Amino acid sequence: MRVGRPTRHVSVKDVAARCGVSFQTTSKVLNGGGSVSATTRARIIRAASDLGYVPNLQARSLVMQRTRTVGLIASDFSDHSLSRCIAGAEQEARRQGYGVVVTSIEPEGSGTEYALPAMMERRVDGILLAAPQMEEDRALAHVLDRTLPVVSLHHVPGGGVATVGSDHELTGYLATRHLLEEGHRVIATVTGVRGRRVAQSRLRGYRRALDEAGVAVDNALVEEGRGQVEGGIAATNRLFGRRPDITAIFSQDDVMAIGVLTALRRLDRRVPADCSVVGCDDIDLAAYTVPPLTTVHVPFYETGAEAMRLLLKMVGNGSVTPSKILLPVHLITRASTGRA
């Protein structure tokens, strides 16, 4: 069998020889710098294009002390909201010329003991955390290298990490207030995983809206759906088993709201004539449920992109100072809600 010669990559020297410019000037231009005339710069770039020059990132990282790579530690990729965040983050990184190394961790474990050290060993320039199960991990603060820029989409113990997200208490408040304004007074809620801060925040918003309206908070109207369609179905059945007089349900995410709508149909409850439903997150399917789902829009794609912009800004200026950014949320009214 004939063995071909290994492919030889075009080097900076090859480009310099082609365009008749010194190696030093060619290198600076190809690395984005160099004070040269527009004509010389154009000649170098044209020669690089003609030869098919591809930058040697490993060599560049040795010179610049940066890899132009960031790490992203995420939870379950099948989660729609998380996948939108990841898409926003990755596309923003690519737009700024950075690569992204992604790893996922188990839904029920933090993964701190292997995920963070693995990223640091790869000499990433910064890390984006998108894993809610890390939010109560007290070991996290001890593992993080305080010289490495880190941004999280969730709370990190100790408050020493920059965060980007939305006001989730406000999402619960807006959804519940809308139902109250429609005249509903027996309003149930289906929560996500009760131990997670997002679920706790949305529950606080629900209770605050009821309290402001003078409606007593009844724990019998609160059920956990754990962020799943099946959980939404089971939670709705339990709620109506206790309180058949419910006229409205706030589902704390749209996936569970699909389960709520399914359960109501099986219970012969018309939506919204017999029971109004509000979701949260505004996933793509929310506009296509039967009936279309009233929901609170949370800008997940924009959150991922904004988090990456912040991380790369920190990488650029060498900052590790924590900051907090909250993106706006708003109610989208569709046909699943009506007057009590």
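**Strand S5**

I started with S5 and found it mostly covered, with 5 of its 5 residues buried (buried is under 20% relative accessible area, exposed over 50%, partly exposed in between, with a 1.4 Å probe and protein chains only). Strands here are DSSP runs of E with at least two residues, helices are runs of H or I with at least four, and both are numbered from the N terminus. This is a predicted model, where local features need pLDDT of at least 70 and side-chain atom pairs count only at pLDDT 80 or more, while totals for chains, interfaces and linings use all residues. Residues are numbered from 1 along each chain as its sequence is written, and side-chain values use heavy atoms, with hydrogens and water left out.

**Partners of S5**

I looked up the pairing next (two strands pair if DSSP finds at least two bridges between them). S4 (residues 150-152) runs parallel to S5 (residues 162-166) and is joined to it by 2 bridges. Ser152 is the residue opposite Thr163. On S11, S5 has 4 bridges, again in the parallel sense, and there Lys324 is the bridge partner of Thr163.

**The 6-strand sheet**

Zooming out, I got an open sheet with parallel pairing and the order S2-S1-S3-S4-S5-S11. S2 (99-104) and S11 (324-327) are at the edges with a single partner strand each, so one side of each lacks a neighbour in the sheet. Neighbouring strands are turned by 20° against each other on average, direction ignored (axes are lines fitted to C-alpha atoms, for helices over the stretch in contact, and angles run from 0 to 180 degrees between N-to-C directions).

H5 (residues 80-95) touches S1 (69-74), S2 and S3 (126-130), and its direction makes about 180° with that of S1. H12 (residues 300-317) touches S1, S2, S3, S4, S5 and S11, at about 165° to the direction of S5.

**The 4-strand sheet**

I moved on to another open sheet, also with parallel pairing, in the order S7-S6-S8-S9. S7 (222-224) and S9 (276-278) are the edge strands with a single partner each, so one side of each has no neighbour in the sheet. Its twist averages 20° from one strand to the next. S6 and S7 pair over 3 bridges, and Thr191 has Glu224 in S7 as its bridge partner. H9 (residues 197-212) packs on this sheet against S6, S7 and S8 (248-251), at about 170° to the direction of S6. H10 (residues 229-242) touches S6, S7 and S8 too, at about 150° to S7.

**Glu182**

Last, I looked at the loop between H8 (168-181) and S6 (187-191), where Glu182 lies. What does the side chain of Glu182 reach at 3.2 Å? I found the backbone nitrogen of Arg339 there. Glu182 is buried yet has no salt bridge, and Arg339, the nearest side chain of opposite charge, is 4.5 Å away. A salt bridge would need a side-chain nitrogen of Lys or Arg within 4 Å of a carboxyl oxygen of Asp or Glu; Lys and Arg count as positive, Asp and Glu as negative, and His and the chain ends are not counted. Leaving out residues up to four places away in sequence, I listed Gly338, Arg339 and Ala340 as touching Glu182.

How values were computed: Polar contact = N/O pair within 3.5 Å; in protein donor to acceptor, adjacent residues only side chain to side chain. Contact = heavy atoms within 4.5 Å.
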